[in-house]
Amino acid sequence: MGESRPRLALDALLVTLVALGLYLAFGHELFFKFDGQHLVLRLVGRDPHYPRHVLYMPLLIAFGDLCDHVVRLSPYEKTRALSAVGTAIAAGSVVLGAGLLGLGRGRRLAAGLAFALCPAVFLFGTVVEIHGAFLGVAGPAFVLACALGRPRADRAVELVLALAFGGLCGLATLVHASGFLLPGLLLPWVLVRRWGTGPLALLRREDRAEGLGRSGLLLAAAMLPHLLLSLWLGDVFGAADFVGEGFRHPQGLGYLPGIVWAEGLLPFLPLSLVAALCLLRPGAPRREALALGLGVAPYLWSALRLLVGDTEFGAYLLPAALVAACLAATYLPRRLLPVLVVLCAVGAGLAWRWQAGATERYRVLAADWDRALGPDQDRSIVILADPEALGAILVHLPGVRIFPADEPAKYDGDAVRRDFWPPVEAGIRDELARRQRVFVTPGALAFWTSPVSDPRGGGHAFAALLEATFRLEDRSTPAVPLREVLPRD
């Protein structure tokens with residue numbers, strides 16, 4: 001046993017490093033969703049606040065500061081690297097968890113590699129999204145869940161493991177609010193493993209009261225720190241309201257098969273299919289299938305509320321891949337495990353290619369902006385509304401400072417005139433006095449004057465004040481319409 005633990009740790013480290021190398025090497029040069037742009041902008045401004053996911057920005061800022069002491073990276077590259085690190089930690093955690101469940105070296109390595117190369121996991125390890133960093137906390141929580149799945153003689157050790165598990169689930173919730181559901185995914189699976197052949201077998205034992213009491217104590221010990229951290233420091237109720245409101249997408253159980261396919265099966269192929277077949281085969285442990293189904297149900301409900309017609313490619317179901325990888329490695333015949341890993345790698349390549357389709361568009365946009373701003377881009381501030389142009393600049397022109405046009409549209413006209421505009425005006429004058437250049441795009445001006453994008457009137461008030469206070473001089477190129485903000489006096 002003393003020799004197997006170091007080997008298990010080395011196997012986990014090996015898979016972590018391999019996964020990290022792959023994620024960094026294949027990191028995308030474009031955004032998966034537009035909210036990733038706000039993460040990078042907040043990092044640039046060192047803004048520690050982000051709605052509902054309260055710990056992500058402090059974590060990203062600290063990670064960015066650490067990177068500054070090691071390697072020179074742009075804000076976009078730092079944010080993408082955090083996704084890679086978190087996802088790689090989760091891949092190593094699968095190896096540790098599989099080892100704790102008693103899987104041999106070949107099977108646990110296959111589990112870790114299948115998880116790391118699973119298309120959805122690979123995607124979120126290579127893009128700017130909160131989910132990659134979230135996996136960096138959910139993965140170690142999975143390891144502790146696997147440790148709890150093997151009953152121990154020392155009750156104090158089990159109690160400490162349960163408390164630590166709950167604490168990690170609480171931290172995961174602070175990184176991404178979906179972590180609140182993590183105990184519901186992992187604890188049923190832990191309990192059926194502790195119960196051996198199932199709850200009814202436990203009830204037939206003479207020590208059934210002691211066994212049930214011990215399991216209940218571990219459940220309470222796990223949930224206490226999770227609930228304290230989630231409810232005290234997190235924004236779980238805000239996240240619940242967000243899920244309840246949705247994105248005004250179509251809703252209803254009729255869309256459930258599409259959600260199961262688009263969010264639960266397709267992004268995780270072939271791992272999702274293999275895990276399902278392993279659990280549904282004759283003689284399979286039905287209790288594990290039931291436990292996994294119960295754990296996945298809340299995630300599917302959230303996806304049904306939010307994602308009809310707006311795919312997230314399995315983002316909310318990523319923790320289920322931790323369990324699926326171990327299930328596939330446990331029950332799949334040994335000779336088929338290399339085939340599983342290879343097929344996952346093929347799926348990862350297809351997912352990467354699918355996401356990379358717009359990379360050239362970003363490069364063309366960045367080249368256009370590079371020509372438009374010329375040699376002064378490192379002392380330029382651009383006010384713009386086009387999310388594609390914003391993404392291209394953040395990825396390829398990190399020296400350009402950005403002011404998103406949607407900021408004033410968050411307020412009504414009176415609030416903009418009274419509170420928002422005065423510091424902005426002072427800031428523009430200060431930048432101009434320091435020989436910085438300030439630009440605004442016609443798209444931003446149109447955004448502010450549209451009742452659709454500016455229903456509260458804040459953008460309209462901002463545009464009127466900008467044009468009345470400063471002179472807007474045309475600096476357009478054939479590819480980039482642009483106005484330079486200059487003093488009137």
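The following legends describe an overview and several close-up views of a predicted model.

**Figure 1. Overview of the protein chain.** The predicted chain has 22 helices and five strands. Its radius of gyration is 25 Å, close to the 23 Å that the globule rule gives for 489 residues, so the chain is as compact as a globular protein of that length. Along the principal axes, the C-alpha atoms fill a box of roughly 90 × 45 × 40 Å. Of the 489 residues, 52% count as buried. The chain exposes about 21900 Å², and carbon and sulfur atoms supply 64% of this area.

**Figure 2. Helix H19 and its surroundings.** Helix H19 spans residues 387-396, and seven of its 10 residues are buried, so the helix is largely enclosed by the rest of the structure. The buried residues are Ala389, Leu390, Gly391, Ala392, Ile393, Leu394 and Val395. They pack against helices H2 (35-44), H4 (75-100) and H18 (359-373), and also against strands S1 (380-384) and S2 (401-404).

Figure 3. Leu10, Leu13 and Leu17 make a nonpolar surface patch of about 310 Å². Leu17 is placed in helix H1 (residues 4-25). With a relative accessibility of 52%, Leu17 counts as exposed, the cut-off for this class being over 50%.

**Figure 4. The salt bridge between Asp11 and Arg108.** The side chains of Asp11 and Arg108 meet in a salt bridge, at 2.9 Å from N to O. Asp11 belongs to helix H1 and Arg108 to helix H5 (residues 105-117), so the pair ties together parts that are 97 residues apart in sequence. Both partners are buried: the relative accessible area is 2% for Asp11 and 9% for Arg108.

**Figure 5. The salt bridge between Arg401 and Glu431.** The closest N and O atoms of Arg401 and Glu431 are 3.1 Å apart in this salt bridge. Arg401 lies in strand S2 and Glu431 in helix H20 (residues 413-433), so the pair ties together parts that are 30 residues apart in sequence. Arg401 is partly exposed at 31% relative accessibility, whereas Glu431 is buried at 13%.

**Figure 6. Further salt bridges.** The whole structure contains 21 salt bridges. One of them joins Arg418 and Asp419, whose closest N and O atoms are 3.2 Å apart. Arg418 is exposed, with a relative accessible area of 55%, and Asp419 is partly exposed at 47%. Elsewhere, Arg437, Arg471, Glu473, Arg475 and Glu484 are linked in a network of salt bridges.

Note on methods
Residues are numbered from 1 along each chain as its sequence is written. This is a predicted model: local features need pLDDT of at least 70, side-chain atom pairs count only at pLDDT 80 or more; totals for chains, interfaces and linings use all residues. Side-chain values use heavy atoms; hydrogens and water are left out. Buried means under 20% relative accessible area, exposed over 50%, partly exposed in between (1.4 Å probe, protein chains only). Helices (H or I, at least four residues) and strands (E, at least two) are DSSP runs, numbered from the N terminus. Contact means heavy atoms within 4.5 Å. Patches are made of residues with over 30% relative accessible area and no salt bridge: like charges are joined within 9 Å, nonpolar side chains (Val, Leu, Ile, Met, Phe, Trp, Tyr) within 5 Å. Accessible areas come from the Shrake-Rupley method with a 1.4 Å probe; for residues, only the protein chains shown count as cover. A salt bridge is a side-chain nitrogen of Lys or Arg within 4 Å of a carboxyl oxygen of Asp or Glu. The radius of gyration is taken over C-alpha atoms; the globule rule is 2.2 Å times the number of residues to the power 0.38.
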